[in-house]
Amino acid sequence: MNQDYDKSNIYLNGRHWVGIGSRMEVFDIDYKEINFNKDNLGYIITKTSDPSEIYLEVFIMYRLRPEFLLEIFKSYPDMDYEFSFNLMAKDAILDVAQKFSIYDYMKNRTLISEAFLDSVNKAFRNVYIELVLFELGEIKFYDSFEQEIIKNLKSMNDAVVQNYENTLSFSKGNLDNLYSNMNLEINKILYDADYKKQIMYDNIESKYLSEKMESDS
């Protein structure tokens, strides 16, 4: 049976007369929540670019856009849009989650959260719903991967310490060379001074002997 829909009016909350033989399709336009956590829809399980398996906790709030309710109904005539939106949000996050490494998830949380938000927002706008709030919650790693992370970070720290020690040793070597060169220069100056002093004494003594011989003759 064919059905015609009057899209000239969108009725908000309240009592409305639509006439005999007509009925309303009712939409809930209040704010809706999507919770990916252990108590609701479960964590979003994905992999990093490394790859390592991680668990993401995500909270989303959205609402239907009243001016597009007819389009939403055409897309979801069985009114199962909430289930579809949950899957849509999850897929949007999975689309970008594997682009980031373990290091990114540990150090660049804000960047990742913004990337997730942008992906979910684009997906929602395609089906005429408004993303109101997006929050990236807990990020969990597999225990084995957590140990690997700690090991990698320790190796990085050890490398930094070793590099610092090498730099310090190199600097100390430079100082030693500087001191050695300075000592050589100082010894040379002292030697030259002694040599010149001895020549001066010899000249004085020679002059004294020469004058004494002349006076004796």
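These notebook entries record what I looked up in this predicted model.

**Entry 1: Ground rules.** I number residues from 1 along each chain as its sequence is written, and side-chain values use heavy atoms, with hydrogens and water left out. As this is a predicted model, local features need pLDDT of at least 70 and side-chain atom pairs count only at pLDDT 80 or more, while totals for chains, interfaces and linings use all residues.

**Entry 2: The chain as a whole.** I began with the secondary structure, taking helices (H or I, at least four residues) and strands (E, at least two) as DSSP runs numbered from the N terminus. The chain has five helices and four strands. Read from the N terminus, the order of elements is β-β-β-α-α-α-α-β-α.

I then looked up burial, where buried means under 20% relative accessible area, exposed over 50%, and partly exposed in between (1.4 Å probe, protein chains only). Of the 217 residues, 27% count as buried. The accessible surface comes to about 16100 Å², and 52% of it belongs to carbon and sulfur atoms. Such areas come from the Shrake-Rupley method with a 1.4 Å probe, and for residues only the protein chains shown count as cover.

For contacts, the criterion is heavy atoms within 4.5 Å. Among contacts between residues at least 6 apart in sequence, 70% join residues at least 24 apart.

**Entry 3: Helix H4.** I checked the length of H4 (residues 109-125). The expected span of a helix is 1.5 Å times one less than its number of residues. For the 17 residues of H4 this gives 24 Å, and the end C-alpha atoms are 24 Å apart, which agrees.

Which residues of H4 are buried? I found Ile112, Ser113, Phe116, Ser119, Val120, Ala123 and Phe124. Seen down the axis of H4, these buried residues fall within an arc of 130°, so they line one face of the helix. The arc is that of the directions from the helix axis to the C-beta atoms. On the face turned away from the buried side I noted the exposed residues Thr110, Glu114, Lys122 and Arg125. The cover over the buried residues of H4 includes S1, S3, H2, helix H3 (102-107) and S4.

**Entry 4: Phe85.** I next followed Phe85, which lies in helix H2 (residues 81-97). Phe85 counts as buried because its relative accessibility is 0%. Leaving out residues up to four places away in sequence, Phe85 touches Ile34, Tyr62, Leu64, Tyr76, Phe124, Val127 and Ile129. Ile34 is 51 residues from Phe85 along the chain, and their C-alpha atoms are separated by 8.7 Å.

**Entry 5: Salt bridges.** How many salt bridges does the whole structure hold? The search finds four, a salt bridge being a side-chain nitrogen of Lys or Arg within 4 Å of a carboxyl oxygen of Asp or Glu. Glu130 is partly exposed at 32% relative accessible area, and Arg63 is partly exposed at 31%.

Asp118 and Lys122 also form a salt bridge, with the closest N and O atoms 3.4 Å apart. Because they are four residues apart in H4, about one helical turn separates them. Asp118 is partly exposed at 36%, whereas Lys122 is exposed at 53%.

In a further pair, the side chains of Glu138 and Lys140 meet at 4.0 Å, N to O. Glu138 is partly exposed at 38%, as is Lys140 at 33%.

**Entry 6: Tyr43.** I located Tyr43 in the loop between S1 and strand S2 (44-47). Tyr43 is buried, with a relative accessible area of 18%. Beyond its neighbours within four places in sequence, Tyr43 is in contact with residues including Phe36, Tyr55 and Leu56. The contacts of Tyr43 also include Glu138 and Lys140, the pair joined by a salt bridge. Val58 is 15 residues from Tyr43 in sequence and 7.7 Å away, C-alpha to C-alpha.
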